[in-house]
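Subject: Structure handover

Hello,

The structure is below for your files. My notes on what was found follow it.

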Amino acid sequence: MKTKKMTYDVDEMPPIGKSLVLALQHVFAMFGATILVPILVNAAAGETVLTIPVALVTSGIGTLIYLVCTKKKSPVYLGSSFAFITPIAAAYTKGGMAGAMTGIMTVGIIYVIIAIIIKFAGKEWLEKLLPPIVIGPMIMIIGLGLAPSAISQIGLSSGTSIDYRVLIVALVAFLVTAFVMTKAKGFFRIIPFLIGIVAGYIVAVIFGLIDFKPVVEASFFGIPKFVLPFKDYKPSFIALVTIAPVALVTLCEHIGDHTSLGNIIGRDLIKDPGLDRTLLGDGIATFVAGLLGGPANTTYGENTSVVGMTRVASVKVVGMAGIIAIIIGFLGKFTALVSTIPNAVLGGVSLLLYGFIAVNGLKVLIKNKVDFELPKNVVVASSMLVLGLGGAAISIISGDLSVTISGMSLASIVGIILNIIIPNGNKE
């Protein structure tokens, strides 16, 4: 269903002052989620894998690459993907920085390959390979698999002593995020996680939980710590199977976001510029992100909401937002300030965020009216959930080569195979 006519269409650009304001709205919409990805990946890995400045820069660069690949016909902003938080951390644990970054670059290559296949063979095969009964549980596993991390950040893990200050900060971040999600209107409703982080941060400052020394010591301008292949590491495919299957989830997210945006602006983006071009842009952007040491990119629903709310679909405004994101990545004081966000704040926000991801998987099943009276659907979904959340792992050893498939990756592969080989049967 189409909304009102766009105030400014894809090919148009508002006056420079209005364009700047609109571009900043896009930046604020993506900011909270994009900076959370490196923070949460590092928390899951126990070491610094990703940095906020590089995530912001690669987000901006990725958006500009996407706009070029789609012939400036699709006003999409690309930001850091939550789907890859656990896989990147797992890939780092198994193969170090080489394993994590090689995996991210490979995901980009997978997108490009699929884009080429779609160009010549259409997309019907993709819909058969990844039906809702497979995609729904995949997304649920991503969210529920991260749940222990949020509980740990709040300080409610079994055997840990409770600090009332940490609990209060987490509670404020949680409640403010929830309140904004449910009660706020207009632009504020698009940025609940960012507002929740700010509220929790203020309370953390009052309780003296934040050390501002890194901000004082940081320079006003600084070059992000890019991680480059052959300079900082030698590409390694040892952890590839840990991260590559997640591309299937973000692939479906990509199609869904473009369909939604197309309905808003009154254009079928799947046909023009075409799914092959949008996937090509997303794939090259993700490859470049991994090449520079950043997280995998994905389309952002928050920015789609900005387009719907402002009724401005200008690609030039989205491009301006990408340039602003790149500039922010070079502001040393600012990124140092972001790095001081305490775990209590992140835990409070993540309590909602991870559940939000899991519920989105459930929404996929409901929206597509997946019938769980059919035994096949029960078998596929239940097998995926237990394997994905139960810690199952399969190791394949051949000589010096050792490959381990676990968690989300194993569940995805098993789900796809079961959906293909098990007959539909009947409800009786």
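A bend at a residue is taken as the angle between axes fitted to the seven residues ending there and the seven starting there. Helices are DSSP runs of H or I with at least four residues, numbered from the N terminus. The model is predicted, so local features need pLDDT of at least 70 and side-chain atom pairs count only at pLDDT 80 or more, while totals for chains, interfaces and linings use all residues. Residues are numbered from 1 along each chain as its sequence is written, and side-chain values use heavy atoms, with hydrogens and water left out.

H16 bends by about 35° at serine 350. This helix covers residues 343-367. Just after H16, lysine 369 has a positive phi of about 50°.

There is 1 cavity of 30 Å³ or more. A cavity is a set of points on a 1 Å grid over the protein atoms alone where a 1.4 Å probe fits but cannot get out; lining residues have an atom within 4 Å of a point. Pro75, Val76, Tyr77, Thr299, Tyr300, Asn303, Thr304 and Val307 form the lining of the largest cavity. Helix H13 (residues 301-310) gives the most to that lining, with 3 residues.

Aspartate 276 sits in helix H12 (residues 270-292). Aspartate 276 counts as buried because its relative accessibility is 18%, buried meaning under 20% relative accessible area with a 1.4 Å probe and protein chains only. Leaving aside residues up to four places away in sequence, aspartate 276 touches Ala115, Ile118 and Lys119, where contact means heavy atoms within 4.5 Å.

Regards

Conventions. Helices (H or I, at least four residues) and strands (E, at least two) are DSSP runs, numbered from the N terminus. The expected span of a helix is 1.5 Å times one less than its number of residues. On a 1 Å grid over the protein atoms alone, a cavity is a set of points where a 1.4 Å probe fits but cannot get out, and a pocket is an open set with protein on both sides within 12 Å along at least five of seven lines; lining residues have an atom within 4 Å of a point. Grid points are joined across faces, edges and corners, and a volume is the space filled by probe spheres set on the points. Buried means under 20% relative accessible area, exposed over 50%, partly exposed in between (1.4 Å probe, protein chains only).
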